[in-house]
Amino acid sequence: MVTELVEKLFFTREISEEISLPLKKRDVHFGDKVFYYLLKGASWGIVFLLLAMVGLILKMSWPAFSTLGWTFFTSAEWNSWTQEFGVLSFIYGTVISSLLAVAFAVPVSVGVALFLNELAPSWLARPLGFLIEMLAAIPSIVYGLWGLFVLAPLLRTYVQPVLLDYFGWFPLFQGPPLGVGMLCAGVLLAIMITPTISAMTREVFKAIPVSHREAALGLGATRWEMLKLAVLKTGTSGIIGAVILGLGRALGETMAVTMVIGNKSEIHLSLFESGQTMASILANQYAEADSDLQLAALTAVGLTLFMVSLIINSIARFIVWKVEKGFKGGK
Amino acid sequence: MDGEVLKVEKLNAYFNDFHAVKDVDLSVNYHEVVALIGPSGCGKSTFIRCLNRLHEEVPGARCTGNVWLDGQNIYGKGVDPVVVRRNVGMVFQKPNPFPGLSIFDNVAVGLRLAGVTKKSVLSEAVEEALRKSALWTEVKDKLKKPGTGLSGGQQQRLCIARALAVKPPVILMDEPTSALDPISTAKIEELIVELKNDVTVVIVTHNMQQASRISGRTAFFLLGELIEYGKTSKIFTKPQNLKTEQYITGRFG
Amino acid sequence: MASKLNLKVTSFTDRKRKLKSQLIIGVLLFLALLACFPFLFISAYVISKGIGSLDWAFFTQLPKGPGETGGGMANAILGSGTMVLMCCLLGIPWGMAAGIYLSEYGEGKTARILRFATDLLTSVPSIVVGIFIYGLIVIYFGFSAHAGATALAVIMLPIVARSTEEILKLIPNHIREAGLALGIPRWKVILRILVPGCVGALVTGVMLAIARVAGETAPLLFTALGNQFFADSLSQPTASLPVQIYNFAKSGFPDLERQAWAGALILVLFVFVINFGTRAFIYYKKS
């Protein structure tokens with residue numbers, strides 16, 4: 001029945017029929033209009049969805065804000081027995097793990113982009129690029145599994161003891177080497193955001209005109225000096241955009257982090273200690289919240305995460321958009 | 001100084017299988033402006049890019065032959081392309097100052113690459129180069145501003161200053177005015193004529209009037225071959241080769 | 001003629017510069033190889049750990065209780081399949097419609113807002129999508145496959161929309177004009193000329209979106225929840241492969257961990273087949 005209708009609507013009327021009946025204009029316009037408004041509705045539906053998301057999550061988290069007030073943002077205590085809920089330790093965990101990830105991922109990603117775009121012959125660049133791009137395709141639960149059973153033990157047995165031996169005096173590297181914890185989350189996130197940052201950076205480099213590179217070489221620059229002068233300096237703002245985009249991805253990453261960060265709602269300076277991010281507390285507690293207030297507080301954590309990632313991503317997209325426009329409009 | 005600054009022997013250039021420059025011999029004297037003319041795709045751009053070993057930077061490109069710069073073969077054993085390029089300046093079709101750098105830094109960059117760090121030496125050299133490229137009075141109050149903020153013609157003169165700053169004996173120009181308006185073009189032509197006192201200029205141009213206005217000798221390229229080379233006045237009035245005559249009189253091109 | 005020019009690298013600075021350049025190129029090569037390593041490591045590890053557990057029971061049996069050995073993930077595979085299918089029913093038509101609008105009618109400022117909103121929706125953390133669906137559906141109807149599928153659809157929607165837009169934009173304008181000049185109404189030009197012309201590429205985009213949502217865990221945690229058994233209906237808590245892997249991984253029982261690896265292998269194989277397939281298709285199309 002439905003298929004018949006669809007066929008009738010789309011396929012049965014011959015084109016020639018329309019040409020021979022130019023007077024049935026209203027009919028033609030009608031089809032166009034219905035189609036147009038359908039599509040327009042679908043497209044605006046996305047905006048509506050986004051707004052509804054903000055609205056609904058705000059409404060759901062309202063009880064938390066009205067009961068807890070500012071302490072929600074200023075307290076690091078999260079205790080369902082005493083009904084104290086503060087987001088601070090999760091913000092700390094999110095920020096530190098993401099920054100750690102960015103710190104590891106940026107040099108690698110930019111290096112990859114430089115090597116693949118500017119130095120490697122295409123027979124080498126293509127397979128290497130493919131292997132890096134495929135990192136983005138691995139589901140985050142698989143990263144989590146690998147992080148928990150492979151990466152964390154590796155860190156525990158090989159990396160953390162060495163750090164303890166040499167840098168144990170430094171507050172960042174103290175405490176028992178458990179494997180799981182902030183450091184592990186940072187490394188795992190770094191692997192996950194490397195394809196994002198390097199792909200974006202490669203796009204930026206591709207947009208830089210060849211003539212800049214030739215100008216540098218023509219002046220007697222060595223290959224590295226050319227890269228620094230014509231590619232890195234020219235592409236700086238684009239690289240920053242790419243990095244912020246990677247940061248946005250790290251902030252919201254849930255499963256992989258939840259599985260390796262240790263899940264303790266506390267603030268510790270040491271990177272060996274366990275922590276908790278805004279996303280991981282949601283994954284851990286949302287389905288089994290004990291009280292309405294806890295559920296509202298968790299939703300408020302989600303709202304905070306949502307807003308932070310909206311802001312970060314808006315900034316990143318704005319920068320990338322400006323950079324691309326600049327290259328297109330300028331030279 | 002007299003004599004030959006550049007001497008090209010049996011130069012052949014290729015892009016993969018494509019033979020872009022065929023057995024070209026050509027020599028250029030000190031304090032001379034040589035113009036290369038010919039229809040597009042005739043290999044003249046490729047030819048000058050072989051003179052500072054920039055051609056080999058393109059994937060799949062290679063060349064054979066000898067190019068003697070001041071008596072030294074730039075394709076000789078042990079010669080480093082980076083050092084060659086420092087001694088042969090280049091100005092490109094479109095003005096391309098480095099976007100991240102100020103006007104001052106754009107001019108100073110070549111010297112800095114060569115290891116000059118002393119501030120006084122740098123600013124002296126920058127001023128000299130900017131004066132020679134007739135840009136000094138226009139930019140002396142905004143040396144810290146980005147070079148990309150200048151007009152197209154100014155940007156191109158900035159690029160000439162950038163090339164001049166390292167004092168190379170030869171500067172190559174690849175259609176330097178093709179992206180500029182007539183007034184900027186006239187300024188650059190004037191500049192090239194004056195530059196003759198300091199450097200040798202090899203310029204590729206599409207514009208035959210330009211070649212006749214600024215150059216002492218002209219070379220005509222066709223399909224990768226050097227068809228005719230001689231005094232500009234002679235090439236334009238009494239060309240020896242039929243193809244040259246046909247090109248100059250606008251029969252093809 | 002005595003030459004003063006020296007074209008060889010002799011000065012100390014030049015030597016230093018050359019060495020520095022070569023050194024840094026070496027470092028860049030190392031970084032590129034380093035970045036390739038995790039993919040090879042992870043995929044090889046998942047395959048070697050999971051391949052031994054992929055037996056008939058894994059695909060046909062329910063999970064056994066903690067401490068017991070044997071059993072499978074049949075409920076999770078079925079649940080994931082069901083929810084991804086349901087998600088496609090909502091996400092693909094909606095996303096394609098939005099993508100067509102952006103490409104064919106999207107000009108000016110409002111289009112920029114729409115495009116921006118679509119991009120933002122792509123970057124909403126998937127766990128937040130879970131909260132949204134929790135408040136929208138789960139509060140009223142409980143944990144269910146419906147809720148899980150809707151959450152996945154919200155994630156799929158902007159991906160499909162943007163890929164559809166990008167693909168349609170590649171079609172040169174004269175084809176549209178040729179159609180319109182024949183007197184064919186615009187909507188038919190789009191549906192009968194433009195879309196059939198690039199249906200392969202559109203399918204590619206959709207397949208990649210499916211690969212993406214099939215591995216999503218976070219939005220299912222508190223929408224579909226999970227289930228030890230087969231769900232009797234679509235309005236019951238439903239097991240899914242990613243959530244079950246998560247639960248097994250943190251169970252602490254070796255036999256469940258073993259099955260978690262097998263589940264991960266299934267996910268990874270699914271994602272890889274789609275990615276390799278689409279790439280091969282694009283490559284084949286180009287040549």
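Me: How many salt bridges are there over all chains?
Reply: The count comes to 29 salt bridges over all chains, where a salt bridge is a side-chain nitrogen of Lys or Arg within 4 Å of a carboxyl oxygen of Asp or Glu. This is a predicted model, in which local features need pLDDT of at least 70 and side-chain atom pairs count only at pLDDT 80 or more, while totals for chains, interfaces and linings use all residues. Residues are numbered from 1 along each chain as its sequence is written, chains are lettered from A and ligands numbered from 1 in the order in which they are written, and side-chain values use heavy atoms, with hydrogens and water left out.

Me: Which residue does B:D80 meet in a salt bridge?
Reply: The side chain of B:D80 meets that of C:K18, at 2.7 Å from N to O. This pair crosses between chains, with B:D80 in the loop between β5 (72-73) and α2 (81-87) of chain B and C:K18 in helix α1 (residues 12-50) of chain C; helices (H or I, at least four residues) and strands (E, at least two) are DSSP runs, numbered from the N terminus.

Me: Is B:D80 buried or exposed?
Reply: B:D80 counts as buried, at 7% relative accessibility, whereas C:K18 is partly exposed, with a relative accessible area of 32%. Here buried means under 20% relative accessible area, exposed over 50%, and partly exposed in between (1.4 Å probe, protein chains only).

Me: What about C:R176, which residue does that pair with?
Reply: C:R176 forms a salt bridge with C:E104, and their closest N and O atoms are 2.6 Å apart. Because C:R176 lies in helix α7 (residues 173-181) and C:E104 in helix α3 (residues 74-104), both of chain C, the pair ties together parts that are 72 residues apart in sequence. Both C:R176 and C:E104 are buried.

Me: Which residues do salt bridges that share partners join into one network?
Reply: That network joins A:R317, C:R115, C:D119, C:R162, C:E165, C:E166 and C:K169.

Me: Switching to chain A, how many helices and strands does it have?
Reply: Chain A has 14 helices and 2 strands. Its radius of gyration is 26 Å, well over the 20 Å that the globule rule gives for 331 residues, so chain A is more spread out than a compact globule; the radius is taken over C-alpha atoms, and the rule is 2.2 Å times the number of residues to the power 0.38.

Me: And how much of chain A is buried?
Reply: Of the 331 residues of chain A, 54% count as buried.
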